[in-house]
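Please consult the sequence and the coordinates together while reading the explanation that follows.

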Amino acid sequence: MKEQAAGAAGMADQRRQQMLRAALEVITERGYPDTRVTDVAERAGTSPALVIYYFKTRDQLLTEALRYSEDAWYAAGTRRMAAIETAAGRLEELVAMTCLPEEDEPSCSWLLWLDLWAQSARNPGVAAVRQKFDERWREMITSLVLAGQEAGEFGPVSAEDFAVALSALLDGFAIQIALSDPSVDPGRAFELSMRFAAAQLGFEWARRPRDRGRATTLTQQESAPQA
């Protein structure tokens with residue numbers, strides 16, 4: 001009986017994830033306001049009634065899809081940064097993941113965020129989700145800065161203030177990247193963000209060749225605070 005229950009739960013989780021991935025695809029193609037439950041059901045190969053059974057409302061489906069995308073992004077970031085020895089290297093990786101997605105990663109992330117921001121201005125439920133996403137993002141940056149300060153890599157700045165400033169800078173660049181602004185390509189956004197971070201936190205940084213677009217780990221000497 002326990003095995004049957006576990007198998008049923010696993011199947012339900014697979015169906016749920018399939019619907020969430022389908023919702024993300026449809027949101028990217030059609031936009032958040034024009035995404036319908038019937039569109040998601042058709043993409044997932046299921047019925048609208050089953051989608052509603054799992055998610056109750058259209059808004060809950062769409063916000064859960066965005067949360068699913070964010071969780072996958074953070075999980076990938078945590079794995080990548082765990083292999084990097086220095087806080088400066090981990091910060092560089094974080095900025096690279098934001099500005100320089102790999103070829104095998106979905107390119108829709110910032111398009112999803114544009115829809116999220118637009119809907120947040122008028123939809124309290126979406127606004128609450130957006131607020132939690134931003135709080136999580138700033139907390140991640142804050143924790144990284146505090147770790148770097150404890151290790152002697154970063155100077156004595158306010159980690160919380162830096163997190164607010166860097167997250168706002170990256171969000172601004174995200175809009176330009178999503179809109180394919182010819183003056184702000186991903187590489188330029190990455191470099192300008194890293195120059196800002198290095199100047200604020202007091203460590204040496206120089207652009208260098210990257211492995212598949214990812215950060216190379218900085219040595220302790222390279223990431224030491226400037227005198």
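Predicted model: local features only at pLDDT ≥ 70, side-chain atom pairs only at ≥ 80, totals over all residues.

**Aromatic contacts and helical architecture**

Y53, Y54 and F55 together make up one aromatic cluster. The charged end of K56 sits over the ring of Y53, at 5.7 Å from the ring centre. The structure holds nine aromatic pairs. One of them is formed by Y54 and F55, a tilted pair with 6.5 Å from centre to centre and 45 degrees between the planes. Both partners, Y54 and F55, are buried.

A further pair involves W113 and F133: the ring centres are 5.8 Å apart and the planes stand at 55 degrees, so the pair is tilted. This pair links distant parts of the chain, with W113 in helix α6 (residues 109–120) and F133 in helix α7 (residues 124–150), 20 residues apart. W113 and F133 are both buried. A charge over a ring also occurs at Y74, where R136 lies over the face at 4.0 Å from the ring centre.

The chain as a whole provides the setting for these contacts. Its secondary structure consists of nine helices and zero strands. Of its 227 residues, 42% count as buried. Where contacts join residues at least 6 apart in sequence, 64% of them are between residues at least 24 apart. The accessible surface of the chain is about 12,100 Å², and carbon and sulfur atoms account for 53% of that surface.

How many of the 13 residues of α5 are buried? Twelve are, so α5 is largely enclosed by the rest of the structure. The buried positions include A87, A88, G89, L91, and also the charged residues E92 and E93. The cover over the buried residues of α5 includes α4 (58–82), α6, α7, α8 and α9. In its geometry, α5 should span 18 Å at 1.5 Å a residue, and its end C-alpha atoms are 18 Å apart, which agrees.

Helix α8 (residues 159–178) has 20 residues; from its first C-alpha to its last it reaches 28 Å, close to the 28 Å expected at 1.5 Å a residue. Its buried residues are A159, F162, A163, L166, S167, L170, D171, F173, A174 and I177. What covers them includes α5 (87–99), α6, α7 and α9 (186–201). Just after α8, S180 adopts a positive phi of about 55 degrees.

Why does S167 count as buried? Its relative accessibility is 4%, and the cut-off for a buried residue is under 20%. The side chain of S167 reaches the backbone oxygen of V164 at 3.0 Å. Leaving aside residues up to four places away in sequence, S167 touches W137, R138 and I141.

Conventions:
Residues numbered from 1 in each chain as written. Heavy atoms only, no water. Phe/Tyr/Trp six-rings, centres within 6.5 Å; stacked < 30°, edge-to-face > 60°. Buried < 20%, exposed > 50% of the residue type's maximum accessible area, 1.4 Å probe, protein only. Helix = DSSP H or I, 4+ residues; strand = E, 2+ residues; numbered from the N terminus. Lys NZ or Arg CZ within 6 Å of the ring centre and 35° of its normal. Contact = heavy atoms within 4.5 Å. Areas by Shrake-Rupley, 256 points an atom, 1.4 Å probe, with all protein chains shown as cover. Expected span 1.5 Å × (residues − 1). Polar contact = N/O pair within 3.5 Å; in protein donor to acceptor, adjacent residues only side chain to side chain.
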